[in-house]
Amino acid sequence: MTTGKEIFDRAVRLLNYTNVYGENDGRLYASVYKRGLALVNQIYADLWQVEKGGQPFCPLCFLDEELRLSSRLREDAMPYGVAMLLAQGERDSANQQVMASVYSQKRRAHSPDRRADVLPRVCL
């Protein structure tokens with residue numbers, strides 16, 4: 001997955017906003033697709049800060065543009081973040097809570113300032 005559209009499509013599938021065949025439901029997809037660019041850019045900006053720090057952020061102008069993040073963040077965390085925002089907009093609280101939890105865990109796992117639990121050493 002390298003484009004915003006691919007991330008958005010995966011988020012729609014994660015939420016099961018599909019028909020019985022697992023394909024995008026045309027009417028529902030059309031209504032949520034309008035917000036797709038804004039949702040992808042929100043998560044893109046958040047993950048940009050995690051990975052790139054102080055470098056200037058340039059949002060996508062179209063969903064077909066490529067995302068300039070590592071493949072690990074794009075494929076691992078980003079779809080869950082977009083799904084979280086999409087579910088929130090649809091007032092789907094059950095899916096929103098699950099996706100928020102997964103997104104937070106995956107985002108935290110990629111954070112450079114992550115702390116590890118360690119036991120203190122006793123010097124003799």
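What sits over the ring of W48? I looked there to start with, and found the charged end of K52, 5.3 Å from the centre of the ring. A note to myself before going on: this is a predicted model.

**Entry 1: the overall layout**

I went through the secondary structure of the protein chain and got 6 helices and 0 strands. Read from the N terminus, the order is simply α-α-α-α-α-α. The chain has 124 residues, and 35% of them are buried. I also looked up the accessible surface, which comes to about 7900 Å², with 50% of that belonging to carbon and sulfur atoms. Then I checked contacts between residues at least 6 apart in sequence: 64% of these join residues at least 24 apart.

A search of the whole structure turned up 3 aromatic pairs. One of them is Y44 with F57, an edge-to-face pair with 5.0 Å from centre to centre and 75° between the planes. I traced where these two sit: Y44 belongs to helix α3 (residues 36-52), while F57 is in the loop between α3 and α4 (71-76). They are 13 residues apart, and the pair links distant parts of the chain.

Is Y44 buried or exposed? Y44 has 1% relative accessibility, so it counts as buried, the cut-off being under 20%. F57 comes out as partly exposed, because its relative accessible area of 27% lies between the 20% and 50% limits.

W48 has a relative accessible area of 3%, so W48 is buried. Put together, ring pairs link Y44, W48 and F57 into a cluster.

**Entry 2: the nonpolar core**

Which residues have the most contacts inside the largest nonpolar core? I found F8, V40, I43, L47, M78, V82 and L86, in a core of 30 residues. Helices α1 (4-14), α3, α5 (78-89) and α6 (93-109) each give at least two residues to this core. The largest share is from α5, with 8 residues.

Leaving out residues up to four places away in sequence, I43 touches M78, G81, V82, M84, L85 and Y103.

**Entry 3: helix α5**

Since α5 kept turning up, I checked its length. With 12 residues at 1.5 Å a residue, α5 should span 16 Å; the C-alpha atoms at its ends are 17 Å apart, which agrees.

How many of the 12 residues of α5 are buried? I get 10, so to speak "mostly covered". My list of the buried ones is M78, P79, Y80, G81, V82, A83, M84, L85, L86 and A87. Just after the helix, I noted that R91 takes a positive phi of about 55°.

**Entry 4: a stop at T3**

Last, I went to the segment before α1, where T3 lies. T3 has a relative accessible area of 14%, which is under 20%, so T3 counts as buried. What does T3 touch, not counting residues up to four places away in sequence? I wrote down L63, D64, E65, E66 and L67.

How values were computed
Residues are numbered from 1 along each chain as its sequence is written. This is a predicted model: local features need pLDDT of at least 70, side-chain atom pairs count only at pLDDT 80 or more; totals for chains, interfaces and linings use all residues. Side-chain values use heavy atoms; hydrogens and water are left out. Rings of Phe, Tyr and Trp (its six-membered ring) pair if their centres lie within 6.5 Å; planes under 30 degrees apart count as stacked, over 60 as edge-to-face and the rest as tilted. Helices (H or I, at least four residues) and strands (E, at least two) are DSSP runs, numbered from the N terminus. Buried means under 20% relative accessible area, exposed over 50%, partly exposed in between (1.4 Å probe, protein chains only). A charge sits over a ring if NZ of Lys or CZ of Arg is within 6 Å of the ring centre and within 35 degrees of the ring normal. A nonpolar core is a set of buried Ala, Val, Leu, Ile, Met, Phe, Trp, Tyr and Cys residues joined through side-chain atoms within 4.5 Å. Contact means heavy atoms within 4.5 Å. The expected span of a helix is 1.5 Å times one less than its number of residues. Accessible areas come from the Shrake-Rupley method with a 1.4 Å probe; for residues, only the protein chains shown count as cover.
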